Amino acid sequence: MKESLKKKMTSATNLPKDVILGVPIITMTGQLEVCVENYKGILEYTDTMIRIRSKIGQIKVIGKNMQIEYYTNDEMKITGHIKTIEYA
């Protein structure tokens, strides 16, 4: 399905964009944790950076003492001292 058609369907049906488009949802709690929903995979995992693949590209979570507390098929919780989140 073309992206513009998906956007039109989202507007017409009033469904959340994450459901129709599969875009990631990132929820940050202070500088200590990040929850990422709708991700596709983990590309890199170190104590200073976690790189995640999503439908819209890569997401980098950068900081210190980074850990993945848990992950499921579509959600993960990252903890540590988070400095930046980048999209590539």
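Reader: Happy to start with the overview. How many helices and strands are there in the protein chain?

Author: Keep in mind that we are looking at a predicted model. The protein chain holds two helices and six strands. Read from the N terminus on, the elements run α-α-β-β-β-β-β-β.

Reader: What share of the residues in the protein chain is buried, and what does the accessible surface come to?

Author: Of the 88 residues, 27% are buried. The accessible surface of the protein chain is about 5,700 Å², and carbon and sulfur atoms account for 51% of that area.

Reader: Which strands form a hairpin with E5?

Author: Strand E5 takes part in a hairpin with E4, with two residues between them, and in another with E6, where three residues lie between the strands. Strand E4 covers residues 49–54 and E5 covers residues 57–71, and their antiparallel pairing runs over six bridges. To find your place in that pair, look for Ile-50, which stands opposite Val-61 in E5. For E5 and E6 (residues 75–87), the antiparallel pairing runs over 10 bridges.

Reader: Over how many bridges do E2 and E6 pair?

Author: Strand E2 (residues 33–37) and E6 pair over five bridges, again in the antiparallel sense. Here you can look for Val-34, whose bridge partner in E6 is Ile-78.

Reader: Let's move on to side chains. How many salt bridges are there, and which side chains meet in them?

Author: The idea is to look for a side-chain nitrogen of Lys or Arg within 4 Å of a carboxyl oxygen of Asp or Glu. By this rule the count comes to two salt bridges. One is between the side chains of Glu-33 and Lys-77, at 3.4 Å from N to O. Glu-33 lies in strand E2 and Lys-77 in strand E6, so this pair ties together parts that are 44 residues apart in sequence. The other is between the side chains of Arg-51 and Glu-44, at 3.2 Å from N to O.

Reader: Are these glutamates and Lys-77 buried, exposed or partly exposed?

Author: Glu-33 has 23% relative accessibility, so it counts as partly exposed. Lys-77, at 21%, is partly exposed too. Glu-44 is partly exposed at 28%.

Reader: Which residues does Lys-77 touch?

Author: Leaving out residues up to four places away in sequence, Lys-77 touches Glu-33, Val-34, Cys-35, Gln-67, Ile-68, Glu-69 and Tyr-70. With Glu-33, the side chains are also joined by a polar contact of 3.4 Å. For a distance across the sequence, take Thr-27: it is 50 residues away along the chain, and its C-alpha atom is separated from that of Lys-77 by 9.4 Å.

Reader: And Thr-79: where is its place, and is Thr-79 buried or exposed?

Author: Thr-79 is also in strand E6. As a general idea, side chains in a regular strand alternate between the two faces of the sheet. Thr-79 has a relative accessibility of 15%, so it counts as buried. Its side chain makes a polar contact of 3.1 Å with the side chain of Glu-69. Not counting residues up to four places away in sequence, Thr-79 touches Leu-32, Glu-33, Asn-65, Met-66, Gln-67 and Glu-69.

How values were computed:
Residues numbered from 1 in each chain as written. Predicted model: local features only at pLDDT ≥ 70, side-chain atom pairs only at ≥ 80, totals over all residues. Heavy atoms only, no water. Pairing = 2+ DSSP bridges. Helix = DSSP H or I, 4+ residues; strand = E, 2+ residues; numbered from the N terminus. Buried < 20%, exposed > 50% of the residue type's maximum accessible area, 1.4 Å probe, protein only. Areas by Shrake-Rupley, 256 points an atom, 1.4 Å probe, with all protein chains shown as cover. Contact = heavy atoms within 4.5 Å. Polar contact = N/O pair within 3.5 Å; in protein donor to acceptor, adjacent residues only side chain to side chain.
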